[in-house]
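Please find below some notes for a colleague who is meeting this structure for the first time. They are set out as numbered points, to be read with the structure in view.

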Amino acid sequence: MTKRETDKLDAYVTRLQARLGLSGWSITRHYYADDHLPEEARGDHDGDHCIGTSDAWSSIEQATINVARDAEEPATRIARHEMFHVLLAPLQAAMNGLREQVAPPAWEIAFGVFNDAEELAVRRLTRALDDDEEEE
Ligand SMILES: [Zn+2]
């Protein structure tokens, strides 16, 4: 991916941030020139071929997204997927607020179900805006 393409990707993320009502958020973007993320960008996210991650702190409206620029999947699509995780961060924070209130076995089940549901919603939202790639 060229510098010009990376600038275009970043402009897309800026537009998407506004479209999602996240303009007040400080979102740090890292675009890695590779087909997968380096170890340090993966954090505690799993996967041998991890192409995108995000971390978000909704109480202070800050987030970081990490995107592999040269994966088979379009980088705009990877970035959009991660931005939807940022959008849903307040739900993740609410869920985490219950962690100390729920017995560990029940917590593990509830958290797993919640994460699966979030991932499914994020994938569907990402797919719903696949037309964005054609407009690039
Ligand atoms: Zn995801």
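1. How many residues does helix H5 have, and how far does it reach from its first C-alpha to its last? This is a predicted model, and in it helix H5, residues 104–128, has 25 residues and reaches 35 Å between those two atoms, which is close to the 36 Å expected at 1.5 Å a residue. Helix H5 is hardly covered, since the count of buried residues among its 25 residues is two.

2. Pro105 and Arg127 are separated by 22 residues in sequence and by 33 Å in space, taken from C-alpha to C-alpha. For Arg124 and Met95, which are 29 residues apart in sequence, the C-alpha to C-alpha distance is 21 Å.

3. Turning to the strands, there are three that form an open sheet, arranged in the order S1-S3-S2, and their pairing is mixed. Strand S1 (26–32) and strand S2 (52–57) are the edge strands, each of them pairing on one side only. From one strand to the next, the twist averages 10 degrees.

4. S2 and S3, by contrast, pair in the antiparallel sense over six bridges; here the bridge partner of Ser54 in S3 is Ile65, and Trp57 stands opposite Gln62 in S3. Strand S3 has five of its seven residues buried, so it is largely enclosed by the rest of the structure.

5. The turn between S2 and S3 deserves a separate look. These two strands form a hairpin with four residues between them, and Glu61 lies in the loop that separates them. Most residues other than glycine have a negative phi. Glu61 is a residue other than glycine, yet its phi is positive, near 50 degrees. Is Glu61 buried, exposed or partly exposed? Glu61 is partly exposed, because it has 16 other C-beta atoms within 10 Å, whereas a buried residue would need 20 or more and an exposed one 12 or fewer.

6. Helix H3, residues 75–87, lies across S1, S2 and S3, and runs at about 155 degrees to S3. Its 13 residues should span 18 Å at 1.5 Å a residue, and this agrees with its end C-alpha atoms, which are 18 Å apart. Helix H3 is mostly covered, with twelve of its 13 residues buried; among them are Ile78, His81, Glu82, Phe84, His85 and Val86.

7. Helix H1 takes in residues 3–19, and at 1.5 Å a residue its 17 residues should span 24 Å, which agrees with the 24 Å between its end C-alpha atoms. Just after helix H1 comes Gly21, which takes a positive phi of about 75 degrees.

8. How are helices H1 and H3 placed relative to each other? Two packed helices are described by the angle between their axes and the distance between the axes. For H1 and H3 the packing angle is about 30 degrees and the axes are 10 Å apart. Angles under 35 degrees count as roughly parallel, and H1 and H3 are therefore roughly parallel to each other. Their crossing is right-handed. On the H1 side, the contact is made by Leu9, Tyr12, Val13, Leu16 and Gln17, and on the H3 side by Ala75, Thr76, Ala79, Arg80 and Met83.

Terms used:
Residues are numbered from 1 along each chain as its sequence is written. This is a predicted model: local features need pLDDT of at least 70, side-chain atom pairs count only at pLDDT 80 or more; totals for chains, interfaces and linings use all residues. Two strands pair if DSSP finds at least two bridges between them. Axes are lines fitted to C-alpha atoms, for helices over the stretch in contact, and angles run from 0 to 180 degrees between N-to-C directions. Two residues are in contact if their C-beta atoms, placed from the backbone, lie within 7 Å. The expected span of a helix is 1.5 Å times one less than its number of residues. Angles under 35 degrees count as roughly parallel, over 145 as roughly antiparallel, 65 to 115 as roughly perpendicular and the rest as oblique. A crossing is left-handed if the near helix is turned anticlockwise from the far one by less than a right angle, and right-handed if clockwise.
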